[in-house]
Each structure stands twice: as C-alpha cells, then as structure tokens.
Amino acid sequence: MSWTLTEEHLADLARGAALLGTGGGGDPHVGQLLVRQAIREHGPVLVLDPTEVADDALVIPTAQMGAPTVVFEKLPAGTEPVAALRALEYHLDRTADATMPIECGGINSMIPLLVGALTGLPVVDADGMGRAFPELQMETFSVYGVPGSPMAIAGEGGETVVIDTRADNARMEWLARGVTVRLGGVAHIAEYAMSGADVRRTAIPRTLSLALSVGRAIREARQANTDPVARLAEVLADTLYGHLRVLFRGKVVDVERRTEAGFARGRARVAAMGGATGQLELVFQNEHLVALVDGEVRCVVPDLVCVLDAEQAEPITTESLRYGQRVTVVGISTPELMRSPQALATFGPAAFGLPYAFRPVEELVPA
Amino acid sequence: MHIGIDVGGTNTDAVLMRGRTVLAAVKTSTTADVTSGIVSALDGLQRQRAFDPGQVHAVMIGTTHFINALIEARRLAPTAAVRLGLPATASLPPMVDWPEHLVGAINGRSYLCHGGHEFDGRHIAELDEAELRAAAADMAAHGVRSVAITSVFSPVNAEFEARAAELLAAELPGVALSLSHEIGRIGLLERENATVINAALRELAAHIVDGLAASVAGAGITAPLYLSQNDGTLMDVDFARRYPVATFASGPTNSMRGATVLSGVDTCAVVDVGGTTSDVGVLQRGFPREATTEVSVAGVRTNFRMPDVLSIGIGGGSLVRGQADAVTVGPDSVGYELTSRALVFGGDTLTATDIAVAAGAAEVGDPGLVAHLDRGLVRAALDRIAADVADVVERMRTSAEPLPVVAVGGGSILLPDELADGGRVHRPEHYAVANAIGAAIAQVGGEVDRVFAVEPGRREAVLDEARQEAVDRAVAAGATPGSVTIVDFDEVPIPYLPGNATRVRVKAVGDLKVED
C-alpha cells in the first residue's frame with residue numbers, strides 16, 4: 001500500500017535505517033535533517049508500493065556515495081541528487097516516473113526521499129540491497145540482470161559525469177569511486193534505471209516501510225518499558241525478514257580496526273557477563289559481516305548482524321563500538337531474493353573473502 | 001602560592017595552595033553577580049590562613065556561569081553565523097537544528113558565502129570579498145554585535161576563516177569575531193553550533209571576566225588570572241573573553257582533576273557523589289577521558305571537548321525503600337531538603353544519608369534517630385549502593401585492566417572501602433572542595449585534530465608531525481617547554497578515501513609557566 005511520508009516519520013525511519021545498516025551505511029542524522037528541511041519547504045513525499053508502479057514506468061534510483069566522515073563536514077548543496085537524476089534523464093532521453101533507494105540501510109534510505117520532496121516524484125518502497133553494502137555492484141538489481149549503467153554522478157557545483165560500462169557493474173563502481181574522490185570524497189548518484197516490471201522482479205520490496213516499523217517498534221517498546229528486542233521480533237515476523245535471533249548478550253571487551261583498500265575493516269569481541277561464559281566475535285568491513293559464538297558461525301552476510309545497545313536497543317555503528325558497551329547482538333534473516341546462489345556470489349561470505357559457507361540464521365540458531 | 005576558585009550554581013569554593021598542598025579551603029554561597037561571592041571566598045581564605053596577596057602567583061577560576069546563561073537564554077548578544085562553503089552545504093543553513101526560542105534569544109542571522117576546503121586541502125570555492133562585504137552591511141543594518149565564522153574543513157586549513165575575520169573586522173569595527181577552527185573539531189554543524197554559542201556569549205564573557213579581575217584585584221592580588229577549560233587545562237583572561245564556550249564542562253572536569261591531585265592516583269575512575277546523583281568519570285594520566293559522541297547543550301548538538309561522564313540516581317538524599325531482602329536506593333532524592341526530611345535531622349524520610357549514619361560511616365545529625373533501623377536493611381542498602389556504583393565504574397572502564405576508584409563529594413561516605421573486582425576506593429582529604437583544587441592545579445594544553453594523508457612508509461613521520469604541532473600549541477598557550485607531554489592520541493582511518501586518509505587527534509599538556 002502506498003503512503004505519505006511526513007516529518008513525524010523521520011526519527012523512526014532513521015533509527016530503523018541505522019539498524020538495517022548493520023553497523024555501516026553512514027549515520028542517517030544528516031540525511032534526516034536534509035529530508036526534514038525539504039519536506040518543510042516542499043511538502044510530504046508519496047511512498048509508492050512496488051505493486052502500484054506501472055510495468056513500463058521509468059524508475060531511477062538515487063543515492064549518496066563516499067566517505068561518511070566527509071559528509072559530516074562538507075554538507076551537500078542539496079541539489080546534487082536531483083542534478084544526477086536529471087543528467088541521467090537527459091542521457092536516456094526519458095523522464096523518470098519515480099525514484100527509489102539502492103540501499104535501505106543508513107543514510108541512503110534518506111536521499112531518495114530528499115529527491116521526492118524536491119521534485120514531487122514518488123519514491124518506490126523498495127531497494128536493491130535490503131540492508132547496507134560497501135559497493136555499488138552489491139545490488140539485487142545487478143544480481144538479477146539490471147545494469148547499473150548508465151550512471152550519473154553530480155557534485156555540489158552542478159557538474160555531472162555520466163559513466164557507462166554496459167553490463168560491468170564492478171567497473172562502474174571503480175570508475176565512480178575515482179570521480180567521487182575528485183569531487184571531494186562525497187558525491188550523489190543516479191543509477192540502475194529500470195522499468196516498473198524490473199522493480200518487481202529484482203528489488204527487495206517495502207524496505208522503507210520496514211525501516212519505519214523497526215524504528216517505531218524500538219521507540220514504542222522503550223516508551224512502554226517493555227523489551228525492545230522482543231517487540232522487534234514480533235514486528236519482523238510479519239515481514240520478509242521473518243526471523244530474529246538473539247545471538248548474544250554481553251559486554252564489548254576488544255575492538256580492533258584497520259584500513260585496507262579504503263575500507264574500515266576490523267573485529268570486535270563481546271564477552272558474556274553475570275557468571276555466564278562464552279564469547280562472541282564480530283568481523284566487519286564498514287558493515288558487520290559475520291557473528292561467531294565460541295568460534296561457530298551464528299549469522300553471516302547477507303543476513304543481518306545488528307549490534308544494539310543493551311538497554312535502549314539503539315543501533316551501534318562499527319565506528320562507535322568501544323570497550324565496556326553493554327550490547328545485545330541479534331541476527332535477522334533476509335528475503336530469499338538475497339540468498340539465491342547468484343545473490344550469494346555477489347554479496348555472500350565469499351564475496352567478502354570470508355571462509356564460511358552461507359547458512360540461514362534461522363537454521364544456525366534454531367528458535 | 002596560588003588560589004583556585006570554583007563558581008558553581010549554588011556554592012563558590014576557594015582553596016589556597018602551595019604546590020599541591022592545600023593551605024586553606026572555604027565554601028561560600030554563589031551570588032547573583034558572581035563577583036561578591038568571590039570577594040567573600042577570598043576573605044574567608046584570608047581569615048583561615050592570613051597570606052600576603054603579593055605572594056599569590058596565579059588565580060585559577062572554574063565557572064559554570066556561561067553554560068547557565070545559555071541554558072537560561074539570558075544576556076545573549078545579537079549574533080550572526082557566517083558559513084564559508086558555497087556551493088556546498090546550502091542544504092542545511094546555520095542553526096537549522098536549534099530550538100526556535102534560542103535562535104530568537106540571539107536574534108540569529110545566517111549568511112552562506114563562498115569558500116571552504118576539501119578534505120585534502122583543495123578549495124571548494126574561492127573567498128568572495130564582495131559577498132562578505134554585502135553580508136557585513138546587512139549585519140550592521142540589523143544590529144549584529146557578534147559574528148561566528150565557520151569554514152568547511154577549517155580544522156584542516158583555517159586560511160578562509162582568518163581572511164574573512166580580517167575583512168569583517170575592517171567592515172564592522174567593535175563587533176566580536178569567533179572562529180570555528182579554534183573552538184571545535186571536524187563535524188560542520190556541531191562545530192558551527194559551538195561557535196555560534198560562543199559568539200552569543202562574548203559580551204557576557206567580557207563583563208564577567210572584568211568582574212572577576214576586579215574582585216581579585218580588589219583583594220590586593222596582582223597575579224595573572226586564568227579560567228579552566230572543559231578539558232582541565234587553563235586559558236588566560238584574554239582567551240576567556242574570546243572563548244567563553246571553552247568553560248562549559250569545567251565543573252565536572254575540575255572535580256575529577258581535583259580528585260587526582262588529592263589522591264595522587266592519575267589513572268582512575270572518579271565517583272563524585274552529590275545529593276541526588278553520582279557522576280562517574282575516568283581519568284587517564286590525570287586528564288578526563290572525553291565523550292566521543294555529540295553532546296547536546298540547551299537542545300543544540302555540539303562537539304565540545306566534554307568529559308565522558310555517566311550518572312546514576314544515587315546520592316546522599318536518595319530515598320531508601322523496601323526490606324532487607326528487596327531494597328531500592330533512589331533514583332528519587334529529597335535533594336536540598338535533606339536537612340529537614342532525613343531521619344537524622346528529625347524528618348520522616350529514610351534516605352541514603354540515614355543509612356550511612358546508622359552504619360557508623362558518617363556523623364551527621366542525630367545518630368539516635370536511626371538507631372532503631374534494622375541492621376539487615378542497612379547492610380542491604382549499602383550493598384545495593386556499592387553494587388550500582390561498581391556497575392557504573394565497570395561500564396566506564398575501557399580495558400580489562402583494574403581501575404582504582406577515587407571518591408569525592410559530600411555523599412562519598414556512602415561508598416564502601418572496596419568495590420567489586422577488588423578495586424580499592426580512595427577517599428582523599430578535602431574531598432568537598434575538589435572542584436576548586438582541580439581549578440587550582442590545571443595545566444595548559446594544545447590540540448591537533450585533522451585529516452592527514454598518510455603515504456606508505458610515512459606513517460610515523462606524519463604522526464610525529466602531528467605530535468610536534470600539539471606540543472608547539474601547548475607551549476604557545478603558556479606551558480613550560482620541558483614539561484609538555486602527549487596525554488591523548490587517537491588515529492582513525494577514514495573509509496572510501498585514497499592515500500590512507502586518517503583522522504589524527506593529539507593532545508599535549510604541560511605545566512603553566514608561573515613562579516611558585
């Protein structure tokens with residue numbers, strides 16, 4: 001069902017998007033402020049259910065790419081994502097009927113909403129990652145045959161670059177990364193232009209709604225002084241992310257970070273408390289990739305490994321993990337579209353160099 | 001000799017010290033004008049231990065006056081925010097996330113102008129002098145008296161802030177200018193917010209600092225006057241006039257710094273037990289560990305250098321309820337009504353203070369009034385307090401190393417001699433005036449917080465360069481060169497950028513150059 005997004009939804013949506021970001025995806029705070037300003041000036045945004053997009057409609061997803069640390073300092077002009085969309089329309093010689101997120105985790109849940117508020121275009125309630133991933137080819141769109149190219153990149157000065165690598169989405173990512181650095185470390189993009197029929201075939205449906213209901217569930221449970229994680233499990237049970245498993249509760253006892261090939265890689269260990277034994281280990285590359293309990297895999301990418309503050313269930317990013325934090329680590333199952341052999345080849349454990357085979361979290365940790 | 005003064009919301013405390021020895025200590029009430037409270041505190045010191053004002057070599061003052069002025073939104077100057085960053089940043093203009101009443105209280109005006117740097121030092125755009133002059137004319141027309149200047153990535157390169165300040169100073173004589181690179185770190189909105197707050201406090205700062213100087217001079221003291229900053233280091237009066245915002249967290253910082261001097265322990269958890277809450281902070285090599293998250297002040301997100309403090313609702317006035325087998329302490333408290341409502345003062349409410357007196361840990365009020373309390377209940381309540389405080393201390397630890405605990409504040413009698421995990425609790429003398437002592441022993445510091453491009457094989461050279469710059473800044477701020485050491489160092493790689501872009505933060509601190 002389609003719905004109208006207003007300013008009141010933004011805090012819950014940002015919290016839910018942070019959870020779906022599994023520790024990465026960029027802090028949605030700046031994105032939230034951007035959308036709030038745009039809604040105040042231009043009015044609310046229509047969020048379109050994927051079933052209500054016409055087969056031959058043109059949907060152009062929009063996003064931000066680059067270093068989250070730069071975004072905190074060099075705020076956008078605000079016009080960039082629309083400029084990227086317009087540049088791609090010009091290149092395609094067609095007008096977009098809607099925009100859509102490529103990534104529902106982190107700040108990229110917000111950028112298409114900014115575009116929607118500024119242009120009046122509806123935003124399709126779906127995305128191509130179903131979470132957050134570090135690279136542009138890690139998309140279900142890509143997995144199921146929608147090319148990312150042609151892609152448009154815009155900077156704050158109104159300049160745009162169009163990249164066309166045909167079917168090679170990994171090369172598109174590589175070229176776009178270079179342009180982004182020249183633009184100052186952050187840029188806005190429009191890519192994976194597709195038909196309504198392709199949206200229904202390749203996108204993870206209703207992930208904006210999902211982020212909103214996840215964020216709302218956590219807030220409402222806090223206000224009612226009930227267990228936010230239990231409430232979260234109830235809410236997720238009715239979605240494509242049907243299984244939530246509590247993997248571990250404990251205290252962060254070690255965090256190790258390093259930069260490799262431009263990524264923030266590292267590990268963290270969480271120890272049991274209150275007489276319990278056992279230890280959980282997290283491996284991350286911008287996002288959490290795998291959770292092991294006493295050396296055994298309990299949840300692995302693309303399933304979601306989420307680290308939540310033990311009391312408030314506020315999602316904790318990999319950058320802000322530190323010794324002494326009391327955390328609840330949960331695993332959440334992902335839709336079948338993200339677990340097919342082709343999908344796993346693109347963003348499963350092997351794509352991140354992890355020596356584990358994918359197994360669904362609901363099998364690894366029986367209810 | 002030197003004098004430390006802490007001007008809190010309720011009390012003004014003062015200590016006279018020689019080196020790290022306390023010669024005299026007094027507690028007086030804070031007055032609305034601040035200065036008469038200081039005068040009576042100095043009189044109190046003189047009465048307790050007569051001293052020759054000429055022998056006082058420095059006076060250090062910690063005050064919460066400026067943060068309180070912001071919270072109460074009073075005596076704030078009409079302020080403009082100038083941001084240098086166009087064409088970037090236009091989406092979120094200055095003060096976009098402020099509470100409306102506060103924007104009104106400072107008659108806040110915003111000017112978006114060209115300028116700013118990229119993370120690697122390139123210019124986003126050149127400074128447009130005509131644009132700045134037009135902004136200055138508009139400010140003059142609207143009665144702006146203080147201006148905050150914020151340029152994108154100014155912590156990496158401050159040239160545009162400096163040039164804009166020069167131009168605005170020429171166009172707007174008499175208007176105060178605050179530059180963001182001297183106030184905050186990377187994070188544009190938060191640094192800009194802190195700078196605008198600073199600008200709004202400039203007139204009040206001039207007034208208060210003049211008052212402080214006059215009351216100290218009135219006591220015959222000619223020594224230089226310093227104010228304590230958030231991080232436990234000192235600034236001179238001139239700097240305090242320009243950067244009042246740097247005093248915002250000096251209260252908790254001074255109490256922690258005082259605790260380290262009194263106890264002689266420089267890496268520890270400090271538990272400050274007041275009437276309503278216990279505040280727990282961590283000292284690393286004598287300096288408070290800073291919060292890594294954004295701090296909200298009066299509803300405004302900032303990235304001030306604030307100590308990382310965790311509070312729980314346990315204090316001397318906390319209500320004690322239940323039986324020996326299920327007792328609760330706090331979080332509600334009788335607060336300032338302790339002396340009328342606690343049992344030992346003839347009241348009808350069982351408080352944590354009553355428990356301490358019943359256990360023989362304190363002599364307050366009439367112990368006979370709590371003699372009837374069930375021993376089991378008293379024990380259980382003290383155990384509860386010890387367990388809750390131990391839990392907070394444990395949360396504040398950043399490594400598995402054991403951490404000694406220093407207890408200060410009037411309510412520290414509630415704590416046991418040892419916490420769980422075998423951590424001994426130090427209870428230094430003069431714990432009630434730890435704040436003033438913290439102000440008195442403050443040192444001077446210098447900080448660097450920048451993104452560096454670390455080329456292969458150059459990591460150590462780059463880090464050395466950053467360390468040296470921090471040391472140079474500390475010396476420039478008045479530290480004795482030989483005494484300066486690096487007290488804090490942090491290196492965070494930034495993903496998605498080439499050349500191993502790394503954010504490096506270094507803090508160096510040294511002894512203030514004074515004769516003593």
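1. UniProt lists residues 9-164 of chain A as "domain: S-Me-THD N-terminal", from an unreviewed entry. UniProt positions follow the numbering used here, feature names are shortened, and annotations may be inferred rather than shown by experiment. Over residues 9-164, chain A is 37% helix and 18% strand, with its end C-alpha atoms 36 Å apart. Helices (H or I, at least four residues) and strands (E, at least two) are DSSP runs, numbered from the N terminus.

2. This is a predicted model: local features need pLDDT of at least 70, side-chain atom pairs count only at pLDDT 80 or more, and totals for chains, interfaces and linings use all residues. Residues are numbered from 1 along each chain as its sequence is written, and chains are lettered from A and ligands numbered from 1 in the order in which they are written.

3. For chain B, UniProt lists residues 2-170 as "domain: Hydantoinase/oxoprolinase N-terminal", also from an unreviewed entry. That stretch of chain B is 31% helix and 29% strand, and its end C-alpha atoms are 40 Å apart.

4. Two cis peptide bonds deserve a check. One joins B:Leu86 and B:Pro87, with omega about 5°; B:Pro87 sits in the loop between strand E5 (79-86) and helix H3 (100-105) of chain B. Another joins B:Gly330 and B:Pro331, with omega about 0°; B:Pro331 lies in strand E18 (residues 326-333) of chain B.

5. B:Phe153 is not a glycine, yet has a positive phi of about 60°. It is in the loop between strand E7 (146-151) and helix H5 (159-171) of chain B. B:Phe153 is buried (20 or more other C-beta atoms, placed from the backbone, within 10 Å of its own), with 26 such atoms within 10 Å.

Technical notes
A residue is buried if 20 or more other C-beta atoms lie within 10 Å of its own, exposed if 12 or fewer, and partly exposed in between; C-beta atoms are placed from the backbone.
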